[in-house]
Amino acid sequence: MELMWKGIGIGLVCCVLSISMREREKDLSALLAIGACAAVSVMAISCMEPVVSFLRRLESLGPLHSEHLSILIKAVGIGIVTDISVRFCNDAGNSGTGKVLQLLGSAVMLRSSLPVFDALLELICSVLGEI
């Protein structure tokens, strides 16, 4: 919980500084925002350690493949990075670029998830074959 408050503090301080600098130093303001996002992202990644540990424990309990769990984690990461990138583009006034990045993120997420969909299809076929 303490980490969350630190992240919120970094974000709010960055927002205030960025707003105050936006008129005079637009480039520096954007760099400040990117730096704050990087710092808070590192904090968020460190919070994911218990989640990864839980997924590993879940994997050991049943017939889950580590490949599928890693794809799930990658898909979440792709979604987060895409969302942050789109928001930066929108804040910079480049909503068209943001929309294309959103399309790219969705395509990459779907492509990286194909092994999971393939395994799901095999499971459905095997269940239907047993009926």
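A salt bridge is counted here when a side-chain nitrogen of Lys or Arg is within 4 Å of a carboxyl oxygen of Asp or Glu. The model is predicted, so local features need pLDDT of at least 70, side-chain atom pairs count only at pLDDT 80 or more, and totals for chains, interfaces and linings use all residues. Residues are numbered from 1 along each chain as its sequence is written, and side-chain values use heavy atoms, with hydrogens and water left out.

**Exercise 1.** Describe the salt bridge of Glu2 and its setting.

*Solution.* The side chain of Glu2 meets that of Lys6, with an N to O distance of 3.3 Å. Both belong to helix α1 (residues 2-21), where a spacing of four residues separates them by about one helical turn; helices are DSSP runs of H or I with at least four residues, numbered from the N terminus. With buried meaning under 20% relative accessible area, exposed over 50% and partly exposed in between (1.4 Å probe, protein chains only), Glu2 is exposed at 55%, while Lys6 is partly exposed at 45%.

**Exercise 2.** Which residue forms a salt bridge with Arg87, and where do the two lie?

*Solution.* The partner is Asp83, the closest N and O atoms being 2.9 Å apart. Arg87 and Asp83 both lie in helix α4 (residues 66-91), four residues apart, about one turn of the helix. Arg87 counts as exposed at 51% relative accessibility, and Asp83 is partly exposed at 35%.

**Exercise 3.** State how many helices and strands the chain holds.

*Solution.* The chain has six helices and zero strands, and from the N terminus on its elements run α-α-α-α-α-α.
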